[in-house]
Amino acid sequence: MNEKLEEMKNQYENTPIPKELDAIVKNALRKGETLKMKNKKQPKKLVAGLAVAGVAAAFILGVNTNQSFAASMKDVPVIGSIAKVVTFREFKVDEKTYTADIKAPAVKGLQNKSLEDSLNQKYLADAKAQYESFKEDMKYVESVGGGHINAKSGYDVKTNNDQILSIERYHTEYSMVELQFDTIDKKNNILITLPSLFKDDNYINAISENIKEQMNAQFAADPNDISYNVEGVNEKLPADMQIPSDMLFEKIKKDQMFYINKDGNLVIVFDKYEVGPGSTGTPEFVIPTSVINNDLVSSAYIK
Amino acid sequence: MVKNDLQAIIADYVTENQEKIYRLAYHYVQNQADALDIMQDAIMKAISKQETIENPAYIKTWFYRIVVNTALDLLRKQKKEVVVAEDILAGLDRGEVDRYKDEDLFNSLDKLPQKYRSVVILKYFENLKLDEIAQVLNENISTVKTRLYKALQLLRIELSEEVFQS
């Protein structure tokens with residue numbers, strides 16, 4: 001090989017390797033698996049949660065009295081809107097190069113206490129698991145000489161009106177984001193699933209076609225901004241940005257992540273990488289109600 | 001092939017080659033934080049989309065392609081800042097590229113436009129064949145050859161013709 005190239009190769013191979021690389025690789029392998037399972041699996045968590053609702057009493061003893069909870073008790077005007085979401089526990093790590101801030105929310109004021117307890121137990125268990133996993137990672141990174149790691153989890157109340165409570169929970173580590181949603185009908189005290197909104201499976205195609213249109217429209221409006229993995233966009237990208245056609249978005253999952261927004265619209269949410277490059281984040285699509293009107297069981301939730 | 005085997009193959013490959021993969025990512029983004037992000041994102045993508053690998057024998061090109069796409073994705077996101085940086089670079093760079101001292105060699109590689117830099121890295125440092133590079137970059141072989149030729153010209157490296165036979 002040419003001398004200059006040989007020299008460049010030596011320098012290339014001497015690129016400093018950061019200490020945390022090993023921990024990040026191990027973590028990513030594990031997280032990739034979780035992501036994969038999550039994409040496949042039907043949500044069974046609530047069923048499991050309901051089964052253990054009996055132990056909820058012990059759990060309530062641990063309630064942190066905090067300001068947002070106290071405040072929530074002052075302004076409770078209407079019965080239907082009593083339900084609030086508060087920070088129930090916060091797990092924090094702030095040591096040298098390790099920072100974690102993991103908030104577990106709790107729903108308060110639902111009439112159906114077993115539903116409330118099962119949700120809250122799920123939230124607390126998830127937060128604890130994230131915290132334990134972070135501590136494990138910390139131990140590992142420390143054992144290989146230290147490095148930077150961080151994690152952040154929390155929640156966002158998307159909608160809380162007389163009828164609907166929609167909660168988003170997020171968990172971020174490095175640049176990864178995981179989301180989970182719960183939407184509750186407060187009047188009838190039930191957890192709403194995506195299929196339960198519709199008469200039959202036709203919604204999958206109706207929603208998917210609309211999302212594909214939206215993806216194409218966004219790209220048409222600004223080709224430099226967002227390019228989803230979708231037919232119509234993919235072919236217009238430079239060759240080195242295109243992805244194989246079998247990886248393009250085809251349709252939503254039966255139990256795709258969703259919430260109902262303040263305007264009563266259905267919002268469909270995707271995991272990072274599910275339908276686009278990482279820079280698209282966790283894309284959300286507001287589905288015009290006209291698209292799904294014929295498929296809806298009723299207009300009670302979606303307007 | 002059983003899925004779990006595939007997952008184990010990917011995990012083994014990534015673990016064994018993590019430093020090589022990191023170097024590739026690093027030379028796209030040229031900073032440690034972004035390179036680590038790419039590692040994490042690329043591995044997660046690889047595991048969660050493992051069924052897209054057609055033949056485990058080609059895991060290297062398949063995985064490199066994920067890394068390259070992840071890196072490009074990040075660069076695209078940062079495009080505006082990079083454009084500014086390139087402007088400044090161009091301003092500082094007048095004529096100086098003509099003279100190389102040994103210690104400048106690597107700098108000169110890092111300053112190459114990214115599409116030329118990646119073919120040099122993949123060909124000479126990662127020892128990929130031209131058809132493999134074409135797969136990683138999703139380009140045809142003649143484009144790869146052209147870029148490689150141009151890159152070597154820019155680096156003022158003279159090589160005999162046999163280089164271009166993959």
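Two strands are taken to pair if DSSP finds at least two bridges between them, and strands themselves are DSSP runs (E, at least two residues), as helices are runs of H or I of at least four, numbered from the N terminus. Good morning, colleagues.

The structure is a predicted model, in which local features need pLDDT of at least 70 and side-chain atom pairs count only at pLDDT 80 or more, while totals for chains, interfaces and linings use all residues. Residues are numbered from 1 along each chain as its sequence is written, and chains are lettered from A and ligands numbered from 1 in the order in which they are written.

I begin with chain A. Strand E7 (residues 257–260) runs antiparallel to strand E8 (residues 266–269), and four bridges join the two. One bridge pairs A:Phe258 with A:Ile268 in E8(A). Five residues lie between the strands of this hairpin, and A:Gly264 takes a positive phi near 80° there. In a regular strand, side chains alternate between the two faces of the sheet. In E7(A) both faces are covered: A:Met257 and A:Tyr259 on one side, and A:Phe258 and A:Ile260 on the other, are all buried (20 or more other C-beta atoms, placed from the backbone, within 10 Å of the residue's own).

E2(A), residues 98–108, and E3(A), residues 149–160, pair in the parallel sense over five bridges, with A:Asp101 opposite A:Lys152. E3(A) also runs antiparallel to E4(A), residues 164–173, through nine bridges. A:Val157 has A:Ile167 as its bridge partner in E4(A), and a hairpin of three residues joins E3(A) to E4(A).

I turn to the interface. Which chain is in contact with 38 residues of chain A? Chain B is, through 40 of its own residues; contact requires C-beta atoms, placed from the backbone, within 7 Å. The largest share of that side of chain B, twelve residues, comes from H3(B).

Finally, a helix pair within chain B. The axes of H4(B) and H8(B), residues 130–137, come within 8 Å and cross at roughly 45°; axes are lines fitted to C-alpha atoms over the stretch in contact, with angles from 0 to 180 degrees between N-to-C directions. The two helices are therefore oblique to each other, the class left once angles under 35 degrees (roughly parallel), over 145 (roughly antiparallel) and 65 to 115 (roughly perpendicular) are set aside. B:Thr61, B:Tyr64, B:Arg65 and B:Val68 in H4(B) meet B:Glu132, B:Gln135, B:Val136 and B:Leu137 in H8(B). Thank you.

Note on methods. Buried ≥ 20, exposed ≤ 12 C-beta atoms within 10 Å, placed from the backbone. Contact = placed C-beta atoms within 7 Å.
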